[in-house]
Amino acid sequence: FFKEHVLKKRDNAADCQTLPGTAAVAEATARDKWGIGYGGIAYFAERKDLRILSVSRKKGEPGVSPLTADGKIDFTAIKSGKYPIARFLNVYSLGEPKGLTKKFLGWTMSPEGQTIVKKVGYVPVAATDPANN
C-alpha cells in the first residue's frame, strides 16, 4: 500500500527495512533516531516514544494528523480520507458465510463488535455503531 500510494510505485531506498509486522515497525522506528515507519495507527497512537506526523495529500496543502488535538485517534479524519495514508482492511469468506462464520461476521459488525474495533484503535465501519460518524 505504502509503495503504491505514497511512493507512487517507486522502489524504497536501498537501505529500507521491511519488517514482518506493524509492531516490529513501531519498535524499530522507536530505536532509530532517524527512523520513519508506516503502519496501522492502532500500533502507534499510544506510544510516547514515537512522533506521529501530519501528512498532506499534495505539496503546499496543510498536513492532516491521524490524531485529534488531545492525542486520540481521529476516526473521522481517517475514515473520510482527509488523512491521506489510510486503507481498508477487508474480511472475505469462501461463499456465503454459514454457521459460526456467519455468527462471527455478524458479531463483528454489531454495536458490540464495532465498540471493540474502535477500542483497539481500528476505524469502525458499521452503521450500527452510534459513535461512528
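Surface patches are made of residues with over 30% relative accessible area and no salt bridge, where like charges are joined within 9 Å and nonpolar side chains (Val, Leu, Ile, Met, Phe, Trp, Tyr) within 5 Å. Accessible areas come from the Shrake-Rupley method with a 1.4 Å probe, and for residues only the protein chains shown count as cover. The model is predicted: local features need pLDDT of at least 70 and side-chain atom pairs count only at pLDDT 80 or more, while totals for chains, interfaces and linings use all residues. Residues are numbered from 1 along each chain as its sequence is written, and side-chain values use heavy atoms, with hydrogens and water left out.

Tyr-43, Leu-89, Phe-104, Trp-107, Ile-116, Val-120 and Tyr-122 make a nonpolar surface patch of about 670 Å². Among them, Val-120 lies in the segment after α5 (111-119); helices are DSSP runs (H or I, at least four residues), numbered from the N terminus. Val-120 counts as partly exposed because its relative accessibility is 47% (buried is under 20% relative accessible area, exposed over 50%, partly exposed in between, with a 1.4 Å probe and protein chains only).

A positive surface patch is formed by Lys-8, Arg-10, Arg-57 and Lys-58. Lys and Arg count as positive and Asp and Glu as negative, with His and the chain ends not counted; the place of a charge is NZ of Lys, CZ of Arg, CG of Asp or CD of Glu. Arg-10 sits in the loop between α1 (2-5) and α2 and is exposed, with a relative accessible area of 52%.

The count of salt bridges comes to 4 (a side-chain nitrogen of Lys or Arg within 4 Å of a carboxyl oxygen of Asp or Glu).

| Salt bridge | N to O distance |
|---|---|
| Arg-31 and Glu-27 | 3.8 Å |
| Arg-47 and Glu-27 | 2.7 Å |
| Asp-49 and Arg-47 | 2.7 Å |

Arg-31 and Glu-27 are 4 residues apart in helix α2, so about one helical turn separates them. Arg-31 is exposed at 65% relative accessible area, whereas Glu-27 is partly exposed at 37%. Through shared partners, salt bridges join Glu-27, Arg-31, Arg-47 and Asp-49 into one network. Asp-49 is partly exposed, with a relative accessible area of 45%.

Helix α2 (residues 22-31) also holds Thr-29, which counts as buried at 15% relative accessibility. Leaving aside neighbours within four places in sequence, Thr-29 is in contact with Gly-35, Ile-36, Gly-37 and Leu-50 (heavy atoms within 4.5 Å).

Technical notes
Helices (H or I, at least four residues) and strands (E, at least two) are DSSP runs, numbered from the N terminus.
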